[in-house]
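Let's walk through this structure together, one piece at a time. Keep the viewer open as you read.

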Amino acid sequence: MNDIFRKYQNWLMLIVFIIATIIALIPLFGVLGYVLKNGLSALNIQFFINLPKAMGLPGGGMANAIVGTLIMVLIASLIGIPIGILAAIYLTEYDRHSWLSTVVRFATDVLTGIPSIIVGIVIYTAVVLKMGNFSALAGGLALAIIMIPLIIRSTEEMLKLVSHSIREAGYALGISKGKTILKIVLPTAAKGIITGAMLAVARVAGETAPLLFTALGNQYWARSLNEPIASLPVQIFQYATSPYKEWHQLAWAGSLVLILMVIILNLVARFAFRSRSI
Amino acid sequence: MSKQYKLTASLGDQILRLLTLSMAIGVLVLMVWMGWQMFDTARPSIQRFGLGFITSRVWDPVKEQFGALPFIYGTLVTSFLALLLAAPIGLGVAIFLNEMAESRFRAVVGFLVEMLAAIPSVVYGLWGIFVLAPWLKTTVEPGLAKWLGFIPLFQGTPVGFGMLAGGLILAVMILPTIAAISREVMAAVPNMQREAALALGATKWEMIRVAVLPYAKSGIMGGIMLGLGRALGETMAVTMVIGNRPDILASLFAPAYSMAAVIANEFTEATYDLYLSALVEIGLILFGITLVLNFFARLLVWSVGRGPKGGSIV
Amino acid sequence: MFRKKGKLLAYLVMTALVLILAGCGEQAPGTSTGQEKVNLTGSGSSFVYPLLNQQIEEYRKQNSAITINYQSTGSGAGIKQVSEQTIDFGATDGPMTEDQLKAAKGGKILHIPLTLGAVAVTYNEPNLPKDLKIDPKVLADIFLGKITKWNDPKIAADNPDVSLPDSTITVAHRSDGSGTTYIFSDYLSRISSEWSSKVGKGTSLSWPAGLGGKGNAGVAGVIQQTTGSIGYLELAYAVQNNLPYARIKNKEGNWVAPSLQSTSAAAANATIPDDMRVSIVNAPGTDAYPIAGFAWALIYQDQTDKAKGTALVNFLNWAIHDGQALAEGLHYAKLPANLISREEELLKSITFQGQSLLK
């Protein structure tokens, strides 16, 4: 009797977990399905080569927004990836257990959890107001601040996986610590570090909030990095909240492009670089 | 090896060490600097309104009166609604993937759940405006009002845009965080625990309940808190579906406002310093909350790595 | 492995450079006039955005070297960003207050009227006719949250022939700082003492009721997504979205729908001061539509960059002359002819190092 009850209870709970998993996946397919359905029909070659048209006119594209996103993500990567990797090297190679490292690790975790809109506020007051204009640089900088803690965390994890015997082999050969890190430890962990970097890039590529007050937006091409620039997420936001059918279509198409960018980055990061050669 | 070589090598070593050290300290400085920047900009508002800023429900830019309570309320209600939905489901997903699923299935479903976190916030918002909110308005909210209308939470006109929509979107967005961290801490539970429970004749569920969950409990709590942190600060998707109205109403159907959303909407438009300052103070409060939340969450997640917390059998 | 990473980085950098260059090359097709390229940034009023957007497109066809990026962020943002000097010009449909003018960091700001517009009261309720009559007091009560049903006796009193539905009214309003809100609340403050004391007028308000949307476009979006809703929109937005709009009782007691004529009629009797900051809500005149207003460009009298200043002044001069031809097609009223010459004088007073920029 008791055993039967336990058996049923067991089955019941297992079914509950399966249902939970199914429920969790419904929104994924819901979102992807709608984005595909609405986005594909609006996606054409014009979308990738044209500038936005004045509202109400058909045939506009988001070429400047796509390029704008790429440029700002690149700026963010050029700033964020080196800083992140260097800080992570310090945490794993030089000072793994000191109080300083603990505090820095905590700061990293806090930074990861900070709402991205706050980064936007800070960059607005510290950069946009001081430089006197909205710019791609300010936008890229805001994205870099979001990237840095992500890069530190992932790089640190990867460096920790490098076994001590490899480092000791380096020292035994009389190679200095710095060289050991640069020539042996980093290359060993390179795949993992690149994976982490790509995931961070995928994350910031979709960020909207920090760009609202830093990059502003632009319906034309930005001619220098010191000018306001369009980006896919901000443009999608503006189009989505507009009342124009044509713009809704563009918002769906833009979302499709953005999601594809993000998912491809995720897939490449996870599968092409999956085998951690350690 | 010549003496000279050694010298240059150690110089390079020094440079690398200093460089990495400065970057590490830079992260610390970055955090403090961000807090300071905001505090500095928020100062006029802090001096003018004091603690009353948090308890006042008036947000009136015309009369220069600012109180953050409606935004705090909207943020808390949507976030807790999201937790209520996402925590059990996220935990269920983690248990299913970790304890039940076959490895190939686990990889695929695990990847899909992580994809939920990869979808940009603004895309969720777009979906929220055109799919979720109309569905809530025509189907879900009238249904809830009909069957549960005696509870104030489910009274009022179905509008679609409101706290319910905000909470649901947030639930979807924080689910992967909770699932991923729960998986991580459950994976850290030694297999010996499981085997011991099974050897005593426990069913799979009993094994999970007795051997896995107690061990992972504090870590799971940490994961839920990190999920909460993400919900509190989420901006775009919430802005697009919450209705953007600074008011405190009991009904989940009612439009509300969140702290991050008011910053997104009004920040570039605050026409005078006190207004801007009040918005930044809201940001500062958000910053403070995430700081504290992360502190405790990380403490809990870290503690799992340290060692077992014995769970009482049965 | 390390070398590979360097290569990857190099590729990335190169790709980016190519993209940036490609972007520059494409940005102004057929620019070989030797004219200096100028990029201007403006932001603000969403009320004037449809018109300004088309004017910019049109102007660009004739002056390919000048690119004007105008972002519809709300009048509040236009005022703020001009004051902070983070943009080259702003646009607003609520004039700057004395305090705001004093707070501007770059000296004296001029208001240049760009166009005249009407704020339409629009609604989305399939069972209502296209031109519902709404009394000003009733309008105030709806937005105060005191009238909550479409079949309220007060609405029925003015619409005896209409069978009003028993549905709930959802108020839609702006969530951002807005000149459209300014005009609308300026009007409600004039006709309702309760509104005046409880809510007041401004670009951002503490709303007694309703759902917020960002920008005119955002409000139009909310109205379209929500049946039973009522909101206020710049007329062009209402027309372009096929939203019905109400007739409002004006100062003389006539029921007037927003239109080009009724908007011009509102401006006809106004005395406009030299600084151009004037309110024309609840204007006298039998055909005057009561909820109308100007949209102004905001520009510093003393420009700090000669090329930018020249381009800006020339564009604005074009916008108030030739650019007006685009107005009526987009449901904006043309600027009165006698006003345009006065505006030209204002534009001539804009200087760079003491030199007038408009030739």
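Two strands count as paired if DSSP finds at least two bridges between them. Helices (H or I, at least four residues) and strands (E, at least two) are themselves DSSP runs, numbered from the N terminus. What you are viewing is a predicted model, in which local features need pLDDT of at least 70, side-chain atom pairs count only at pLDDT 80 or more, and totals for chains, interfaces and linings use all residues. Residues are numbered from 1 along each chain as its sequence is written, while chains are lettered from A and ligands numbered from 1 in the order in which they are written.

Let's begin in chain C, with an open sheet of three strands in the order S5-S9-S10 and mixed pairing. Strand S5 (133-134) and strand S10 (255-256) of chain C each have a single partner strand, so they stand at the edges with one side lacking a neighbour in the sheet. S5(C) runs parallel to strand S9 (residues 247-249) of chain C, and two bridges join them. Within S9(C), Arg247(C) is the residue opposite Lys133(C). As a reminder, strands of a sheet pair through backbone hydrogen bonds, either parallel or antiparallel.

Next, find strand S11 (residues 292-300), also in chain C. Here a residue is buried if 20 or more other C-beta atoms lie within 10 Å of its own, exposed if 12 or fewer, and partly exposed in between, with C-beta atoms placed from the backbone. Nine of the nine residues of S11(C) are buried, so this strand is largely enclosed by the rest of the structure. Both of its faces are covered: the buried residues include Phe294(C) and Trp296(C) on one side, and Ala295(C) and Ile299(C) on the other.

Which strands pair with S11(C)? Strand S3 (residues 89-92) of chain C runs antiparallel to S11(C), joined by three bridges, and strand S4 (residues 109-124) of chain C is also antiparallel to S11(C), over nine bridges. Trp296(C) is the bridge partner of Thr92(C) and also of Pro113(C).

Finally, turn to chain A. Its domain assignment (bounds come from an automatic or database assignment) gives domain 1 (2-42) and domain 2 (48-272). The C-alpha centres of these two domains of chain A lie 32 Å apart. Their contact takes six residues from domain 1 and seven residues from domain 2 of chain A, where two residues are in contact if their C-beta atoms, placed from the backbone, lie within 7 Å.
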